[in-house]
Amino acid sequence: MILCCGEALIDMVPVMAGAVPAFAPHSGGAVFNTAIGLGRLGARVGFLCGMSRDLFGQRLAADLAASGVDSSFCPRVDRPTTLAFVTLRDGQAEYAFYDEASALRMLSDADLPELPDAVQALFFGGISLVAEPCGSTYEAFALRAAGRVLVMLDPNIRTGFIRDEAAYRARLARMIAAADVVKLSVEDLAWLMGPGDLMAQAQQVLGQGPAVVLITDGGAGAHLLRGSDHIHLPAPKVGVVDTVGAGDTFNAG
């Protein structure tokens, strides 16, 4: 089993209700999306996040079940579900989060399950690594599991959500060092490393501890680095509607 550890939330996506701009609720969250993708690909997959008993939390749980994802790891709580209002600018998603005292954010160490023998891999990432106390909770879980099971990390950095950049950078450094597989978009890599050569920076990340580093570069495809090996896979040419969930789906694959 692959256990995906991170946020489940409701994406409020812009739509038109006739001639009136509106928002429609969609189940989402980076790690939630990856779990859904894994379930639809037929993998045995579980999900770990604080899950609200409110109507949005019920919807998230139902959508996980519909894709074959085991949500029994999720503590059910009487806190609100995180909402993320999405706007699209030139095909790229921008987010406004409403997360104060949410089921996701307030996940604590006491909520963590014992790691069953059936779990062979853990996946972490997304905004769940930014806020407290959930960020510390997921980090502790990842560091305890490192060396016992495969650990994959995709920080999926959302700069608008970061309040303490130094603490967040330190967390990512510790988790990158402990992870077996790290996936970064070119935007993530630029935020972490600053301006520079893409492959040289990816090699620097590889040198921090992971066995494999994956770099996604939109229409230019993806790179895999492992030891001295470098594989580049071009992207197929498609008509892009928007990019919401694209990296999450890549992770599931």
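With a relative accessibility of 9%, S67 counts as buried, a term that here means under 20% relative accessible area, whereas exposed means over 50% and partly exposed lies in between (1.4 Å probe, protein chains only). The structure is a predicted model, in which local features need pLDDT of at least 70 and side-chain atom pairs count only at pLDDT 80 or more, while totals for chains, interfaces and linings use all residues. Residues are numbered from 1 along each chain as its sequence is written, and side-chain values use heavy atoms, with hydrogens and water left out.

S67 belongs to the loop between α2 (55-66) and β6 (69-70); helices (H or I, at least four residues) and strands (E, at least two) are DSSP runs, numbered from the N terminus. When neighbours within four places in sequence are set aside, S67 is in contact with I36, G39 and R40, where contact means heavy atoms within 4.5 Å.

Strand β4 (residues 45-48) is flanked in the pairing pattern by two partners, β1 and β6, where two strands pair if DSSP finds at least two bridges between them. Strand β1 (residues 2-5) runs parallel to β4 and is joined to it by four bridges, and within this pairing L3 stands opposite G46 of β4. The pairing of β4 with β6 is likewise in the parallel sense and extends over two bridges, with D70 of β6 as the bridge partner of G46. In a regular strand the side chains alternate between the two faces of the sheet. In β4, V45 and F47 point one way and G46 and L48 the other way, and all are buried.

In soluble globular proteins, nonpolar side chains tend to be buried together. The largest nonpolar core of this model has 70 residues, of which L3, F47, L122, F124, Y138 and F141 touch the most other members; such a core is a set of buried Ala, Val, Leu, Ile, Met, Phe, Trp, Tyr and Cys residues joined through side-chain atoms within 4.5 Å. For F124, the contacts beyond its neighbours within four places in sequence are C5, V31, Y138, F141, A142, V151, M152, L153, D154 and M175.

A pair of aromatic rings is described by the distance of the centres and the angle of the planes. Rings of Phe, Tyr and Trp (its six-membered ring) pair if their centres lie within 6.5 Å, and planes under 30 degrees apart count as stacked, over 60 as edge-to-face and the rest as tilted. The structure holds seven aromatic pairs. One of them is the edge-to-face pair of F32 and F47, with 6.0 Å from centre to centre and 90 degrees between the planes. Because F32 lies in helix α1 (residues 30-40) and F47 in strand β4, this pair ties together parts that are 15 residues apart in sequence. Both F32 and F47 are buried. The rings of F124 and Y138, with centres 6.5 Å apart and planes at 70 degrees, are therefore also edge-to-face, and this pair links distant parts of the chain, with F124 in strand β10 and Y138 in helix α3, 14 residues apart. F124 and Y138 are buried as well. Elsewhere, ring pairs link F23, F85 and Y98 into a cluster.

A further arrangement involves W191, over whose ring the charged end of R169 sits, 3.8 Å from the ring centre; a charge sits over a ring if NZ of Lys or CZ of Arg is within 6 Å of the ring centre and within 35 degrees of the ring normal.

The structure holds zero disulfides, a disulfide being a pair of cysteine sulfur atoms within 2.5 Å. The sulfur of C5 is too far for a bond, because the closest cysteine sulfur, in C4, is 7.2 Å away, and C5 is buried at 0% relative accessibility. C74 is also in no disulfide, the nearest cysteine sulfur being that of C49, 6.2 Å away, and C74 counts as buried at 5% relative accessibility.

Most residues other than glycine have a negative phi, and most peptide bonds are trans. A101, although not a glycine, has a positive phi of about 55 degrees; it is placed in the loop between β9 (92-98) and β10 and, at 31% relative accessibility, counts as partly exposed. N156, also not a glycine, has a positive phi of about 45 degrees and is found in the loop between β11 (150-154) and α4 (165-178), where N156 counts as buried at 14% relative accessibility. A cis peptide bond, with omega of about 5 degrees, joins E132 and P133, and P133 lies in the loop between β10 (121-125) and α3 (134-145).
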